[in-house]
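The sequence and the model are shown first.

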Amino acid sequence: MMNPDPRTLRPLARAALAAAMLGMALSGAARAHGDVTPQAVDTSSLPKLGEQWRAENPFRGNSGAVQIGTSAYNQNCARCHGIDAISGGIAPDLRKLDNDCATLKDAARKAACVKETDDLYLTTVRRGRTRNGAVYMPPFEGTMNQEAIWAIKSFLETRRDKPM
């Protein structure tokens with residue numbers, strides 16, 4: 001058997017080493033995915049909502065809330081729900097949150113549907129989601145205030161799959 005030329009072996013070894021290092025870096029990133037600390041959200045420019053949780057989004061259509069909600073979403077939600085709320089399959093695609101409401105023709109039924117969706121969103125974000133003892137989404141009540149949670153919902157409303 002012939003000995004391989006060392007000049008061709010070195011580039012192959014470097015390529016293999018680079019591929020191994022990239023694989024380790026990517027696997028480390030995947031493990032770190034769930035270990036991210038929630039980020040604080042500055043809501044000082046939004047009206048204070050008080051202690052009582054609102055049943056519906058009080059910031060609907062508020063451009064300042066959308067701006068704050070965009071930043072808050074990117075810092076706290078995008079790692080699971082996807083950049084710009086486009087899910088990569090890890091968690092629900094939040095652009096579809098209000099889809100059932102968008103097709104309703106009757107204004108009263110549509111308003112009731114939006115209110116119900118707001119309630120589902122708020123309950124989920126505040127309490128998180130757990131199934132069979134596994135945490136699928138951590139609770140954000142106590143980490144984020146009401147203003148931040150509704151600002152994120154205001155951002156999500158600008159990303160709807162089906163416009164209202």
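The structure is a predicted model, in which local features need pLDDT of at least 70 and side-chain atom pairs count only at pLDDT 80 or more, while totals for chains, interfaces and linings use all residues. Residues are numbered from 1 along each chain as its sequence is written, and side-chain values use heavy atoms, with hydrogens and water left out.

**Overall fold**

- The protein chain contains six helices and two strands; helices (H or I, at least four residues) and strands (E, at least two) are DSSP runs numbered from the N terminus.
- Along the sequence these elements follow the pattern α-α-α-α-α-β-β-α.
- Of the 164 residues of the protein chain, 32% count as buried, where buried means under 20% relative accessible area, exposed over 50% and partly exposed in between (1.4 Å probe, protein chains only).
- Among contacts (heavy atoms within 4.5 Å) between residues at least 6 apart in sequence, 66% join residues at least 24 apart.

**Helix 5 with helix 6**

- The axes of helix 5 (residues 107-127) and helix 6 (residues 146-158) come within 11 Å and cross at roughly 130°; axes are lines fitted to C-alpha atoms, for helices over the stretch in contact, and angles run from 0 to 180 degrees between N-to-C directions.
- Helix 5 and helix 6 are therefore oblique to each other, given that angles under 35 degrees count as roughly parallel, over 145 as roughly antiparallel, 65 to 115 as roughly perpendicular and the rest as oblique.
- On the helix 5 side, D118, Y121, L122, V125 and R126 take part, and they meet I149, W150, I152, K153, L156 and E157 in helix 6.
- The residues of this contact divide into seven nonpolar, no polar and four charged; Ala, Val, Leu, Ile, Met, Phe, Trp, Tyr, Cys and Pro count as nonpolar, Asp, Glu, Lys and Arg as charged, and the others, Gly among them, as polar.

**Helix 2 with helix 6**

- Helix 2 (residues 63-76) packs on helix 6 at an angle of about 95°, with the axes 7 Å apart.
- That angle makes helix 2 roughly perpendicular to helix 6.
- Helix 2 contributes A65, V66, I68, G69, T70, A72 and Y73 to the contact, and helix 6 contributes A151, I152, S154, F155, L156 and T158.
- By class, this contact has nine nonpolar, four polar and no charged residues.

**Nonpolar core**

- In the largest nonpolar core, which has 25 residues, Y73, Y121, M144, I152 and L156 touch the most other members; such a core is a set of buried Ala, Val, Leu, Ile, Met, Phe, Trp, Tyr and Cys residues joined through side-chain atoms within 4.5 Å.
- Helix 2, helix 5 and helix 6 each supply at least two residues of this core, and the largest share, seven residues, comes from helix 6.
- Leaving aside residues up to four places away in sequence, I152 touches G69, A72, Y73, C77, Y121 and M144.

**Loop residues**

- T143 is in the loop between strand 2 (134-137) and helix 6 and is partly exposed, with a relative accessible area of 41%.
- The C-alpha atoms of T143 and V41, 102 residues apart along the chain, are separated by 9.2 Å.
- Most residues other than glycine have a negative phi.
- D84 has a positive phi of about 55° although it is not a glycine; D84 lies in the loop between helix 3 (78-81) and helix 4 (99-102) and counts as partly exposed at 37% relative accessibility.
- N132, likewise not a glycine, has a positive phi of about 50°; N132 lies in the loop between strand 1 (129-131) and strand 2 and is exposed, with a relative accessible area of 81%.
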